[in-house]
Amino acid sequence: MILTRRHLLLGATATLSGCDRLARNESFRETLFSAENFHKWAQRGLMAPDALAREFRPDQISPVFRANGTANPNTPAYKALWRNGFADWRLQVGGLVARDLSLSLSQLRALPHREQITRHDCVEGWSAIGKWRGVRLKTILDGAGLRSSARYIVFRCADDMGGGRPYYESIDLADAFHPQTILAFALNDRPLSVANGAPLRLRVERQLGYKQAKYLMGIEAVDSLAAIGKGKGGFWEDHADYDWYAGI
Ligand SMILES: Nc1nc2c(c(=O)[nH]1)N[C@H]1C(S)=C(S)[C@@H](COP(=O)(O)O)O[C@H]1N2
Ligand SMILES: [Mo]
């Protein structure tokens with residue numbers, strides 16, 4: 001019998017339910033045996049840290065890459081950047097790094113690129129295959145000199161989700177340094193459209209759609225997510241109880 005990763009995960013989940021029923025201490029169960037942590041352990045335990053998400057052929061690219069969530073930030077600040085072709089836009093890199101960086105789009109475009117054709121899966125029940133081009137997040141983090149205390153990378157976006165709170169997301173260092181984790185400025189050989197996150201968005205290919213932060217303004221290295229938003233590491237994690245670890 002061939003055991004796929006999915007079989008192992010389903011087996012692991014079944015075991016988890018058994019443990020769950022037996023565990024009496026609520027907080028012990030929540031921290032140690034939450035489905036999210038268990039899924040993360042299972043995936044990290046069975047997958048090499050550099051295991052790649054599936055890549056597709058050019059003829060498999062979806063004719064339209066649907067937009068979801070914010071399709072245009074439409075804030076005065078974003079409109080001003082857009083009007084100028086994002087010439088004045090800068091990606092701010094800070095937090096637990098040796099040196100802060102402020103990178104223009106042309107500086108990012110001049111760095112080594114990576115291209116990947118991957119499938120985006122949204123929890124709302126749709127998928128699309130697209131070809132992304134961008135700079136590995138590792139390249140940026142190496143340039144800034146990540147401090148040894150850093151454990152997560154937080155992404156700050158330009159769109160206002162209400163009350164002046166922008167969209168935000170975060171990933172751990174295993175995903176930050178993964179070869180397919182890129183800051184993408186092109187989709188299907190064209191500059192990223194506003195609907196898909198212009199001028200720059202995250203692609204973290206082993207996770208679900210809501211982790212793929214669009215309209216990037218800044219990235220920040222932190223040692224804890226406690227002080228980010230409500231402490232769960234992302235806009236939907238904080239506001240709709242989505243899992244922080246959204247591994248596919
Ligand atoms: N800044 C920002 N990033 C975001 C969102 C958003 O609303 N704002 N929506 C997320 C969700 S739920 C999905 S499915 C994808 C959609 O990306 P797309 O519009 O390119 O399809 O972006 C993610 N990143
Ligand atoms: Mo999504």
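Helices, in the account that follows, are DSSP runs of H or I spanning at least four residues, and they are numbered from the N terminus. In the predicted model described here, Asp-241 lies in the segment after one such helix, α8 (235-240). The backbone of Asp-241 has a positive phi of about 65°, although the residue is not a glycine. With a relative accessible area of 56%, Asp-241 is exposed, because the cut-off for that class is over 50%.

The secondary structure of the protein comes to 8 helices and 10 strands. Of its 248 residues, 45% count as buried. The accessible surface amounts to about 12500 Å², and carbon and sulfur atoms account for 55% of this area. Among contacts between residues at least 6 apart in sequence, 68% join residues at least 24 apart.

The largest nonpolar core contains 58 residues. Those with the most contacts inside this core are Leu-91, Leu-137, Ile-153, Phe-155, Leu-183 and Leu-216. When neighbours within four places in sequence are left aside, the contacts of Leu-183 include Leu-91, Leu-137, Phe-155 and Leu-216. Other contacts of Leu-183 involve Arg-133, Gly-134 and Arg-201, among others.

Polar atoms of the protein approach the ligand at several points. An oxygen atom of ligand 1 is 2.5 Å from an N or O atom in the side chain of Lys-214. Backbone atoms also take part: a polar backbone atom of Asn-68 is 2.8 Å from an oxygen atom of the ligand, and a polar backbone atom of Gln-212 is 3.0 Å from a nitrogen atom of the ligand. Taken alone, ligand 1 exposes 530 Å², and the protein buries 99% of that area.

Glu-169 is found in strand β6 (residues 166-172). This charged residue counts as buried because its relative accessibility is 1%, whereas the cut-off is under 20%. The side chain of Glu-169 is joined to that of Lys-211 by a polar contact of 2.8 Å. Beyond residues up to four places away in sequence, Glu-169 also touches Ile-153, Val-154 and Phe-155, as well as Tyr-210, Ala-213, Gly-233, Gly-234 and Glu-237.

Two further sites concern the backbone. Most residues other than glycine have a negative phi, and most peptide bonds are trans. The peptide bond from Ala-198 to Pro-199, however, is cis, with omega near 0°. Ala-198 is placed in the loop between β8 (190-191) and β9 (201-203), and Pro-199 likewise belongs to the loop between β8 and β9. At 2% relative accessibility, Ala-198 counts as buried. Apart from neighbours within four places in sequence, Ala-198 is in contact with Tyr-78, Phe-86, Leu-192, Ser-193 and Tyr-215. Ala-198 and Ala-158 are 40 residues apart in sequence, and their C-alpha atoms are 9.9 Å apart in space.

Asn-74, which is not a glycine, has a positive phi of about 55°. This residue lies in the loop between α3 (35-46) and α4 (76-83). At 44% relative accessibility, Asn-74 counts as partly exposed.

How values were computed
Residues numbered from 1 in each chain as written. Chains lettered and ligands numbered in written order. Predicted model: local features only at pLDDT ≥ 70, side-chain atom pairs only at ≥ 80, totals over all residues. Heavy atoms only, no water. Polar contact = N/O pair within 3.5 Å; in protein donor to acceptor, adjacent residues only side chain to side chain. Areas by Shrake-Rupley, 256 points an atom, 1.4 Å probe, with all protein chains shown as cover. Core = buried A, V, L, I, M, F, W, Y, C linked by side-chain atoms within 4.5 Å. Buried < 20%, exposed > 50% of the residue type's maximum accessible area, 1.4 Å probe, protein only. Contact = heavy atoms within 4.5 Å. Helix = DSSP H or I, 4+ residues; strand = E, 2+ residues; numbered from the N terminus.
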